[in-house]
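Hi,

Here is the structure I promised to pass on.

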Amino acid sequence: MDTTASLSILLLLFGISVANPVRKPEPPAFVPIPGNVDITTKFLETNKGSSERLMHGDIVIPKTRNALYCLNNNCFWKKNSKNLVEVPYIVSSSYSSADISVIQNAMSTFHNKTCIRFVPRVNQTDYISIEDKDGCYSYLGRIGGQQLVSLKRTGCLYHGIIQHELNHALGFYHEHTRSDRDKYVKINWEYIPTDKASNFQIQNTNNQNTTYDYSSIMHYGKTAFSNTVGKDTITPIPNAAVEIGQRQDMSNIDILRINKLYGCV
């Protein structure tokens with residue numbers, strides 16, 4: 001009998017209980033959005049008062065230009081010698097280990113289903129800096145040097161929101177702004193404040209011969225920016241009951257588009 005076992009028996013004989021060590025719970029690897037929350041409204045509310053110039057609610061406008069544009073190879077991340085697309089990143093020290101676990105788990109879907117690899121930065125020139133700023137937002141595509149992805153600890157650290165912002169960093173627009181959107185959704189301009197109308201402007205997007213995706217992680221919810229309670233700003237057509245604006249996980253078409261855009265094999 002080993003020493004530990006003998007000691008335990010002696011303690012029990014003298015009426016002293018032996019307690020098992022308390023294990024700390026593992027940090028959550030997946031934080032889903034509560035089912036009854038309009039998550040688009042939630043993260044747009046989080047972005048109110050942001051210090052950054054934002055278009056479409058959560059895309060940072062670079063100071064060198066006043067419009068969104070990402071259609072050429074200059075704004076896409078580069079492949080390495082193994083045919084994988086490396087996106088170096090750093091994470092602010094203000095996040096807890098549990099927060100970082102949630103962020104890394106959101107990245108894992110990209111790793112498992114695409115050729116995108118978010119890798120800790122060593123000395124790469126171009127990289128994303130994930131920080132606890134004043135909202136949920138990102139630049140569109142690779143802009144060069146250090147670029148911010150803001151994930152505020154209160155309001156943004158959800159699996160789907162993290163994926164949404166990382167998709168912007170890869171160069172993807174919101175689904176409701178794609179060039180052929182008027183065939184699939186009706187924009188109800190009467191419920192959109194004048195100063196928010198730019199968030200619904202059609203972009204010259206590369207749709208990569210994929211169908212319009214109501215279930216995209218990049219689609220706004222029905223009431224985004226609505227100025228009237230209970231009134232939708234976006235209505236799917238021909239079936240208005242179709243759900244849009246989910247923030248649970250990337251859809252199959254989201255994944256397909258990443259693979260097509262970046263030439264994943």
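The 17 residues of α3 should span 24 Å at 1.5 Å a residue, and the end C-alpha atoms are 25 Å apart, which agrees. (The expected span is 1.5 Å times one less than the number of residues in the helix; helices are DSSP runs of H or I with at least four residues, strands are runs of E with at least two, and both are numbered from the N terminus.)

Before you go further: this is a predicted model, where local features need pLDDT of at least 70 and side-chain atom pairs count only at pLDDT 80 or more, while totals for chains, interfaces and linings use all residues. Residues are numbered from 1 along each chain as its sequence is written, and side-chain values use heavy atoms, with hydrogens and water left out.

Back to α3: its buried residues include D99, V102, I103, M107 and F110. (Buried is under 20% relative accessible area, exposed is over 50%, and partly exposed is in between, with a 1.4 Å probe and protein chains only.) The buried residues of α3 pack against β3 (85–91), β4, β5 (127–131), β7, α4 and α5, with contact taken as heavy atoms within 4.5 Å.

**Disulfides**

Searching the whole structure gave 2 disulfides, meaning pairs of cysteine sulfur atoms within 2.5 Å.

One joins C115 and C264, with the sulfur atoms 2.0 Å apart. C115 sits in the loop between α3 (97–113) and β4 (116–120), and C264 in the segment after α5 (252–261), so this pair ties together parts that are 149 residues apart in sequence. The link of C115 and C264 is left-handed, with -65° about the S-S bond. C115 is buried at 5% relative accessibility, and C264 is buried at 17%.

In the other, C136 and C156 have their sulfur atoms 2.0 Å apart. C136 lies in strand β6 (residues 136–138) and C156 in the loop between β7 (146–151) and α4 (159–170), so the parts tied together are 20 residues apart in sequence. The torsion about the S-S bond of C136 and C156 is about -90°, so that disulfide is left-handed too. Both cysteines are buried: C136 has 0% relative accessibility and C156 has a relative accessible area of 0%.

Have a look and tell me what you think.

Cheers
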